[in-house]
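Subject: Structure for you to look at

Hello,

Here is the structure I said I would pass on. Please open it first, then read the notes below it.

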Amino acid sequence: MTADEGTATVITLCGSTRFEAEFAEVNQRLTLDGYVVLSLGMFRLPELPGYDWTADGADLRGRLGRLHFQKIRMADEVYIVDPGGYLGESTRREIAYAESLGKPVRYLSRE
């Protein structure tokens, strides 16, 4: 359903953080097409002065991963940003999770 009809389809973007520019392009295109788009919250870990990454780096990555899985749960469908068909290990996990929930999965490389 489109936003004009009252309820827009929610799409969560998944893919490698190395494709930041492609994420932006896909996000813009889908938004202009009337979808609600959920994307990555950040493409690299932030510079936090005084932050001890050795003590908490894995925990922050884990929290970000759990947040992204929540975005997948919230979505009506998942869109994989995979230029050239590239799928990393994290993206494969996200695809498997989305499929386990019965979410339709679309791929940039197949359009």
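Helices here are DSSP runs of H or I with at least four residues, numbered from the N terminus. Please keep in mind that the model is predicted.

The pocket

The largest pocket holds about 650 Å³ of space. Its lining is made up of 23 residues, and Thr 17, Leu 40, Arg 61, Leu 64 and Gly 65 are the ones nearest the centre. Two helices, H2 (53-74) and H3 (89-100), each give at least two residues to this lining. H2 has the largest share, with seven residues. Sorted by class, the lining of the largest pocket contains nine polar, eight nonpolar and six charged residues.

The aromatic rings

There are three aromatic pairs in the structure. One of them joins Phe 23 and Phe 43: the ring centres are 5.2 Å apart and the planes stand at 75°, and planes over 60 degrees apart count as edge-to-face, so this pair is edge-to-face. Phe 23 belongs to helix H1 (residues 20-32), while Phe 43 is in the loop between strand S2 (36-38) and H2, so the pair ties together parts that are 20 residues apart in sequence. Phe 23 and Phe 43 are both buried.

Charges over rings

Regards

Note on methods: Residues are numbered from 1 along each chain as its sequence is written. This is a predicted model: local features need pLDDT of at least 70, side-chain atom pairs count only at pLDDT 80 or more; totals for chains, interfaces and linings use all residues. Side-chain values use heavy atoms; hydrogens and water are left out. On a 1 Å grid over the protein atoms alone, a cavity is a set of points where a 1.4 Å probe fits but cannot get out, and a pocket is an open set with protein on both sides within 12 Å along at least five of seven lines; lining residues have an atom within 4 Å of a point. Grid points are joined across faces, edges and corners, and a volume is the space filled by probe spheres set on the points. Ala, Val, Leu, Ile, Met, Phe, Trp, Tyr, Cys and Pro count as nonpolar, Asp, Glu, Lys and Arg as charged, and the others, Gly among them, as polar. Rings of Phe, Tyr and Trp (its six-membered ring) pair if their centres lie within 6.5 Å; planes under 30 degrees apart count as stacked, over 60 as edge-to-face and the rest as tilted. Buried means under 20% relative accessible area, exposed over 50%, partly exposed in between (1.4 Å probe, protein chains only).
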